[in-house]
Every structure is written in C-alpha cells, then in structure tokens.
Amino acid sequence: MALLAHPAPQAGFEAPFEMLQACHERVQRSLALMARLQQHLQDVGCDDNARQAARDVLRYFDVAAPLHHQDEELHVFPPLLLGADAALRSLVRQLMQDHRAMEAGWVQARAVLQAVADDTTGTRTLDATEIAQLDQFSALYGQHILHEEGLAYPAAQAALSGAAVRAMAEDMMVRRGVRPTLPPA
C-alpha cells in the first residue's frame, strides 16, 4: 500500500482565491493520506512508511492549514460579515466556528499522529478512541470546504476590489515569508 503523498495542485499568489482552493485540495489529500495511514497501521503496522505518512500529515496541518484559515479570516470573511446578506453572514460565523473546532480537533489528532511518527518499536497501533479522534477531525472539513468554495469564496470575490485582492495576495506572501513579486497594478 502506497502511503506517499501525491503531488499537490499548484496555484500562485497572483490568484489568491485559486490558491485557497488549491489549499483545500491539499487538505483533502492530507486527510486521504491520514485515512490510508490508519489502514496501513492495521494491515502492516508502524513501519517507516507509516511514520513518514504521519510526519507528512503533521507538517501540513501544523504549518499550512493555520495560514489558510488566517487567509480566510483576514480577507474572505470580513467583507461578507459587513454585507447585507444575513444568510451569508450566518454562514461565515459558522465557518469561523468550524475553524475553532478544527483547531481543537487538531490538538487531539496531532497527538495521535505524533505518537505514530515517534514510534521506534514498530508496535504502535491505534485504539478505538484514537481512530475516532482522527475520523472526527477529518469529518470537520467536508461541509466546510463545500460552503467556502460554493458560497463564501464567490461572494467574497464579487465583493472585493482588484486592489483588495492584490493586497490579499501580498499579505498571503508576506505571512509565508515570500517576498512580494506581483507586477505593479
């Protein structure tokens, strides 16, 4: 069973909404890797492939996912919260609550994955509680991504000026330690 992460979709900072969607694809790939890891632990055990898969999932959700949530909360959600659409404002508040639930769920899922990554005996398995923690964390993303891509992103794109989208892109680069290289407006 291959546990290697698949190449991630690419999108550049010059198109921040496409980059956010590419991040969602990476989230889904990381969650799929986590599911394959669970099966691998059951079928094969905690070998080098399992430890590397756990490290790959840890790296994504420790580094990229928090930045992604910041992108949304700094640039996508604010114009929607100020808008006239009450249903959209309610949805954004739910998406923000989802982010807090994901952060809390990650604390538990992270502990499970770190234990796998750190196992040197090759005997690490998952108990029912740990499996439930990983599954619950993964489940948090399903509807969340659909709502962001289907409703929040299109509404925010329509609400933001070209200058605001450019500022969003530049901020995303700066927070990731990338020197802004966008062409002049």
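Student: At what angle do the axes of helix H1 and helix H4 cross?

Tutor: Axes are lines fitted to C-alpha atoms over the stretch in contact, with angles from 0 to 180 degrees between N-to-C directions. Here H1 (residues 16–43) and H4 (residues 128–139) have axes that come within 10 Å and cross at roughly 160 degrees. That makes H1 roughly antiparallel to H4 (over 145 degrees). This is a predicted model: local features need pLDDT of at least 70, and side-chain atom pairs count only at pLDDT 80 or more. Residues are numbered from 1 along each chain, and side-chain values use heavy atoms, without hydrogens and water.

Student: Which residues make the contact of H1 and H4?

Tutor: Contact means heavy atoms within 4.5 Å. H1 supplies Leu31, Met34 and Gln38, while H4 supplies Ile131, Leu134, Asp135, Phe137 and Ser138.

Student: How is a pair of aromatic rings described?

Tutor: By the distance of the centres and the angle of the planes. Rings of Phe, Tyr and Trp (its six-membered ring) pair if their centres lie within 6.5 Å; planes under 30 degrees apart are stacked, over 60 edge-to-face, the rest tilted. The count here is 7 aromatic pairs. Phe61 and Trp106 have ring centres 5.3 Å apart and planes at 40 degrees, so the pair is tilted. Phe61 sits in helix H2 (residues 48–81) and Trp106 in helix H3 (residues 86–118), 45 residues apart.

Student: Is Trp106 buried or exposed?

Tutor: Buried means under 20% relative accessible area, exposed over 50%, partly exposed in between (1.4 Å probe, protein chains only). Trp106 is buried at 10%. Phe61 is buried at 3%.

Student: Which residues do ring pairs link into a cluster?

Tutor: Tyr60, Phe61, Trp106, Phe137 and Tyr141.

Conventions:
Helices (H or I, at least four residues) and strands (E, at least two) are DSSP runs, numbered from the N terminus. Angles under 35 degrees count as roughly parallel, over 145 as roughly antiparallel, 65 to 115 as roughly perpendicular and the rest as oblique.
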